[in-house]
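Q: Could you show me how helix packing and a ligand shell are read from a model?

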Amino acid sequence: MARDDLIGELMRQQKSAVDAAQAGGGHAHIVACLGHGLLPSPPEGHAGFVATEMVRGVDLRRRLKTGSPPAMALVTRWSAQLAAALAHLHARAIVHRDVKPSNLMLTTAEEDIVLIDFGLAYRIIEGKTDEARSMRVGCAGFMAPETYREQPCDVAADAFAFGQVLRRLLWHARPPPFSARSRAAALALKWTLLPSAATYESVHCTVFVHPAWPEAHTRTLRACCERQPERRPPMARVAEEFGQRAVADRTGGA
Ligand SMILES: Nc1ncnc2c1ncn2[C@@H]1O[C@H](COP(=O)(O)OP(=O)(O)OP(=O)(O)O)[C@@H](O)[C@H]1O
Ligand SMILES: [Mg+2]
């Protein structure tokens with residue numbers, strides 16, 4: 001596909017994904033879209049834009065960098081909300097492809113999470129595999145192994161990214177007991193630019209856990225970080241499981 005055609009296809013995908021996500025009143029944990037369109041942008045010709053509501057608060061990346069460790073109940077609540085937002089998209093055959101902490105806003109009281117940034121969203125039509133569907137897009141570390149290998153994306157790519165967000169939330173809430181040295185080595189490996197697909201998978205699909213993490217969280221984390229997309233859980237099921245747990249946390253139940 002020529003470059004202009006590819007940009008045009010990506011913009012059509014983004015528009016189609018935003019429209020579908022907003023249909024029927026949108027979702028409580030997905031940013032509201034106010035409009036989208038094209039602007040002249042020489043020399044390329046045109047650039048697409050999506051205008052969204054501004055969420056008051058801080059993004060999760062900044063929150064994890066600068067704030068105190070989140071309580072496990074908050075990790076459960078945020079995860080339940082993110083899974084629900086993704087389940088909403090996946091039911092409409094949309095894959096977000098850029099789920100990561102900087103694309104998650106926390107409302108001012110830090111009670112709620114809102115998914116933003118539909119710049120890479122793709123609407124899946126089964127059987128249709130254009131170039132835009134197989135692009136290596138997103139952020140290393142959150143990008144699913146199949147996307148890294150430039151294979152056609154599916155909603156399971158978001159399940160992988162969900163797992164990587166959950167992994168960071170759990171590490172911040174209760175870090176596994178590793179030495180500073182092994183942490184530094186793991187970090188150095190993580191930030192190697194464009195490793196081979198096999199190295200990428202060995203780093204990002206290997207899950208270290210803390211025995212004190214809730215068993216259900218560890219199970220979901222492991223399942224989401226699976227190499228094979230078909231082994232990852234549907235986000236609707238994760239939303240239900242984490243949602244029930246979040247309600248139990250609030251009401252003081254088991
Ligand atoms: N609708 C919004 N409401 C509030 N803050 C926003 C909103 N959209 C973006 N931001 C802030 O701006 C930051 C970058 O925005 P955005 O994700 O659109 O840009 P980006 O170029 O994709 O950057 P990144 O690679 O970090 O995702 C976000 O991490 C967030 O802090
Ligand atoms: Mg972004």
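Q: How are α5 and α8 oriented to each other, oblique or roughly antiparallel?

A: In general, a pair of packed helices is described by the angle between the two axes and the distance between them. The model here is predicted. The axes of α5 (residues 156-173) and α8 (residues 215-224) come within 8 Å and cross at roughly 140 degrees. Angles over 145 degrees count as roughly antiparallel, so α5 and α8 are oblique to each other. Their crossing is left-handed.

Q: Which residues make that contact?

A: From α5 come A159, F160, F162, G163, L166, R167 and L170, and from α8 come H217, T220, L221 and C224. By class, seven residues of the contact between α5 and α8 are nonpolar, three are polar and one is charged.

Q: How are α3 and α5 oriented to each other?

A: The axes of α3 (residues 72-91) and α5 cross at roughly 170 degrees and come within 10 Å. With the cut-off for roughly antiparallel at over 145 degrees, α3 and α5 are therefore roughly antiparallel to each other. On the α3 side the contact involves M72, V75, W78, S79, L82, A83, L86 and H90, which meet D158, F162, V165, L166, L169, L170 and A173 of α5. This contact of α3 with α5 has 12 nonpolar, two polar and one charged residues.

Q: Which residues are around ligand 1?

A: Around ligand 1 are V31, T52, M54, V55, D59, S102, N103, M105, I116, D117 and G119. The shell divides by class into five nonpolar, four polar and two charged residues.

How values were computed:
Residues are numbered from 1 along each chain as its sequence is written. Chains are lettered from A and ligands numbered from 1 in the order in which they are written. This is a predicted model: local features need pLDDT of at least 70, side-chain atom pairs count only at pLDDT 80 or more; totals for chains, interfaces and linings use all residues. A residue is near a molecule or strand if its C-beta atom, placed from the backbone, lies within 6 Å of it. Ala, Val, Leu, Ile, Met, Phe, Trp, Tyr, Cys and Pro count as nonpolar, Asp, Glu, Lys and Arg as charged, and the others, Gly among them, as polar. Axes are lines fitted to C-alpha atoms, for helices over the stretch in contact, and angles run from 0 to 180 degrees between N-to-C directions. Helices (H or I, at least four residues) and strands (E, at least two) are DSSP runs, numbered from the N terminus. Angles under 35 degrees count as roughly parallel, over 145 as roughly antiparallel, 65 to 115 as roughly perpendicular and the rest as oblique. A crossing is left-handed if the near helix is turned anticlockwise from the far one by less than a right angle, and right-handed if clockwise. Two residues are in contact if their C-beta atoms, placed from the backbone, lie within 7 Å.
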